[in-house]
Amino acid sequence: MIRHAEYTRARLRQTADRLLALVYPETLGADEILVSGPVDRISWEEAQALSYREAQLGEHFGPLWSTWWLRIEATVPEAWRGRRVDLLFVSHSEAQLWVEGRALQGLNTGGAGERPDARLLDEAVGGERLSLQVELACNGMFGRQQGPYLSLPKPTLDRCELALYDPDAWSLSHDFETLRALEADGAADLDPSFAGELRSELERFANEWRPEERETWEPARAILRHLLGRRNGSRTHELVAMGHAHIDTAWLWPLAETYRKTVRTFSSQTRYMDEYPEYRFACSQAQQYAWIQERNPELWQRVRAAVERGQLVPVGGSWVEPDCNLVSGESLLRQFLHGQRWFERELGVRCREFWSPDAFGYPGQLPQLMRESGLTRFLTQKLSWNKFVKPEHHTFVWQGLDGSEVLGHFPPGDTYSSEATVPELRSSARKYKDHDSSATSLLLFGHGDGGGGPTRTMLETLRRTCDLQGVPRTSQRSSEEFFDALEAEPGERPVVLGELYFEYHRGVYTSQARTKRGNRRGEAALHDAEFLAALVGEEIPRAELDRLWKLLLLNQFHDILPGSSIRLVHEEAERDLAAVESGANAICARVLGEPGSVAVNTIGFARREVAEVPGAGLALVETPPYGFGGAIEPRDEVTLEGLVLENGHLRATLHEDGTLVSLIEEESGREALASPGNRLELYDDEPVAFDAWDIDPAHLQTRRDAEPATSYRVVSETPLRAEIEFTRSLGAGSTLTQIVRLDAESRRLELHTTVDWRERHTLLKVCFPLAVRSPNATYETAFGYAERPTHYSTSFDQARYEVPGHRFADLSEHGFGVALLTDSKYGYSCFGNELRISLLRSPTSPDPEADQGAHMFAYAVAPHAGSWREAGIVAEAARFNAPLRWTRESVVPTQSCSFASVDDPNVVLDTIKPAEDSDAVVLRLYEAHGGRGTARVRLGFPFSEALLANALEEEREPLEVVGDEIVLPYRPHQVATVLVR
């Protein structure tokens, strides 16, 4: 006998193919196929009123994003009586099968997520006539079918047949393929005795099994049954396999298509649950469940029933899977507030894990925000893509800035869309980095990103590998059961402290600037609307606030706000975010009435600044925190001599080319700049992959100064405000106009910028070389800050050449520093003493027109004596981002009164809002500097008690009240929620 492994394995693959081909031994074409379209995304009910014509096999459909409806009539042959009958449908697109108005199952073909078959009859009568409908979407799993990097077939009706299903062939096929895959993958590391038995017995099967001789099937099956009975030893890795369909709420397709993806996914998976009772399927994002509930009541009942059975597992506790770097701390809490409340109200489930497999990094305050929202477990995967330093652990304790801890897990398979193949199961155990402290890990299986979820083939493989020798001991369990098993393991966990920085996709801090500006403005407008609604306390527009918040949260999804979606998505996002801002402003206007001379301060910091009083021009205005104020006499004035602007705090010298030559902080007498600042720079921005996502390190080698300003003029020269406007060309075809502004008494020099941006694959930054030396720069993050290196000493440091931040970045040494403030930018970098803001990008994929056109933004430079903490930079950044609002004297009780204030500069009163379920007022505070102490919160309205609560507004313990003050002890970096009755 000649034994040759290569020949044997090729023969085994051939046998597996022959077995699979027998699953459908007979097929029959449809009696009639009619089609109607193209139409928009319409409901099944609307599709019944369409006019239909005859369709032909081979017919092409389009254009992109259109929909065609097919009516299929077919007769089951009498000879198929008592047998199962399936539909085989191939359209090279996404599609949905409907039967009598019921969304039966998704049908996806022509790329990733193949699902061409659907079960129609479990036991045919024979001779029955079937009436089916298919909703054919002219897009693939990942949107466009054709393009520079795509060559998938156009949507084409290639197959539409009834098929007789052979359960014996199906079962035998998966028995054989599971073992064949194990033998092929385990050649190097399986026990030699078992490996030899596998190969020889599988070859014996190929010798003895005859497709056409059914009497050979059962003896052949016995060979496989014997092999499948081989078990692991007493100690082996435990792998929890959980079905999953990561459905990007928008990405390479618009929001409207995502709803249809949820229908395809949920209809398919709830059907599989009937067939596989052991199956557990996890899906996150309350928004997607809400769409099903609102638009497809029949499918929603199936979803609810599956949740009650424990087979469909809602996870995550958030409204969508948001970006976590760019959204405010309050927005993160609202993601959890709305997600947790919805899941609990509609499905009776409170999630315990934050489910975020695909976001682009996580701030250091997130563990605390999770625990405040009832979440003590954390799942992600994306950090396995790190380019410089891979995460050292798959299971660990993640500790936040304040010391809050959650149990974290990265699935070692490095994917949230495994196909549950034998090689993937084995690889997952092999790659696990924590075998010394843990014997359990998670595998997420099912087609994802574009949704779809697991297939029957995946579930069949898992049935056969639950304890098969050479494969991890695998079981299907829920997220809660998996994390319970992790927590039950003895021993200490490694602890990871602070920010989980993603060493990849750094361009998402800057791409699609208009979307990011809309987010910042929407957050601010809703902040103001809630404060003013709470101030009035009567007829609070709860439904409208809820709607606007959910619209904002939807657009914070991790492929919308980061700027990594197609043009259509960002057009809709800009529209939606503008609607959030205008809707919130309308609420403010209803409270405040016609604008007048009374200034309304909607933030927790006192203000003394120049502002435009409606109908009266510029004035110096003073207001208390969360209060009302008006015009006062200024203590100094601003002067303009040539290109020198000066007030009592700053002396700024400009050059004709638009750079800032000198900036002196008058209190200390210190020069802030080491060389000219406000230096606009252009970089080649051509990442080797992931165009909209990435800024590659190679861009650092391509820096060049932008063209100097071609003209300047004085815009205003008054005792309260001096402004000089500079105009310049930029790059190959862009223009930039910038107004440099200094106000009386201001501690910041502002630069208000308008750009007509026409570049391609170009990055625009502004650089400030500072007369400051420090190994770390500080960047504001959600309810906190991150200190990051200003050098490239280690791989860890080099990876942070571009970093996210919110409203400010600061470089300080002992006694002095300089902060840069932004009104809508999130990308920063600092090397040595050069602090930069990333202003604009111009990628061309997936949006060929990304960031083209008009942009408006502002940034400011604020030198300061002392550290950023002592200088109140958090307050300065808040003021820069929150223009005063205005009302008339008749609206307010007294012109100078405060609704709420805090006596401790470490503590920020960030948010005042109406409680969700009562007439209480909610105060959200956070410790901003890393300090400890006791603050007093003074309220300007009568109240009976104050209680600490969690972020879901559930009461904890009462706080001490002294007169009109709440006594609030705090620890470093604490986020506190206070309910005031």
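Mentor: Start with His761, which sits in the loop between β37 (749–757) and β38 (762–769). Helices (H or I, at least four residues) and strands (E, at least two) are DSSP runs, numbered from the N terminus.

Trainee: And what should I keep in mind about the model itself?

Mentor: The model is predicted: local features need pLDDT of at least 70, side-chain atom pairs count only at pLDDT 80 or more, and totals for chains, interfaces and linings use all residues. Residues are numbered from 1 along each chain as its sequence is written, and side-chain values use heavy atoms, with hydrogens and water left out.

Trainee: Okay, back to His761. What is its phi near?

Mentor: Phi of His761 is near 50 degrees. That is a positive value in a residue other than glycine.

Trainee: Which non-glycine residue has a positive phi of about 65 degrees?

Mentor: Asp851. Find it in the loop between β45 (834–840) and β46 (853–865).

Trainee: Is Asp851 buried or exposed?

Mentor: Asp851 is buried, with 0% relative accessibility. His761 counts as partly exposed, at 22%. Buried means under 20% relative accessible area, exposed over 50%, and partly exposed in between (1.4 Å probe, protein chains only).

Trainee: Switching to peptide bonds. Which bond into Pro38 is cis?

Mentor: The one from Gly37, with omega near 0 degrees. Pro38 lies in strand β2 (residues 32–39). The Gly62 to Pro63 bond is cis too, also with omega near 0 degrees.

Trainee: Where is Pro63?

Mentor: In the loop between β3 (53–54) and β4 (67–75).

Trainee: Now helices. At what angle do α3 and α12 pack?

Mentor: About 65 degrees, for α3 (residues 167–185) against α12 (residues 456–464). Their axes are 10 Å apart. Axes are lines fitted to C-alpha atoms, for helices over the stretch in contact, and angles run from 0 to 180 degrees between N-to-C directions.

Trainee: Is that crossing left-handed or right-handed?

Mentor: The crossing of α3 and α12 is right-handed. A crossing is left-handed if the near helix is turned anticlockwise from the far one by less than a right angle, and right-handed if clockwise.

Trainee: Which residues make the contact?

Mentor: From α3, Trp170, Ser171, His174, Asp175 and Thr178. From α12, Arg456, Thr457, Glu460, Thr461 and Arg464. Contact means heavy atoms within 4.5 Å. By class, one residue is nonpolar, five are polar and four are charged. Here Ala, Val, Leu, Ile, Met, Phe, Trp, Tyr, Cys and Pro count as nonpolar, Asp, Glu, Lys and Arg as charged, and the others, Gly among them, as polar.

Trainee: Why call α7 largely enclosed?

Mentor: Because seven of the ten residues of α7 (residues 286–295) are buried. They are Ala286, Gln287, Gln288, Tyr289, Ala290, Trp291 and Ile292.

Trainee: What covers those residues of α7?

Mentor: The cover includes α6 (255–275), β14 (281–283), α8 (297–309), β15 (312–314), α9 (329–347) and α15 (542–554).

Trainee: Last topic. What does Val891 touch?

Mentor: Val591 and Leu592, not counting residues up to four places away in sequence. Val891 lies in the loop between β47 (885–887) and β48 (897–898). It is partly exposed, at 35%. Val891 and Val598 are 293 residues apart in sequence, yet 9.1 Å apart in space, C-alpha to C-alpha.

Trainee: How far is Leu592 from Val536?

Mentor: They are 56 residues apart in sequence and 9.7 Å apart in space, C-alpha to C-alpha. Val536 lies in helix α14 (residues 513–536).
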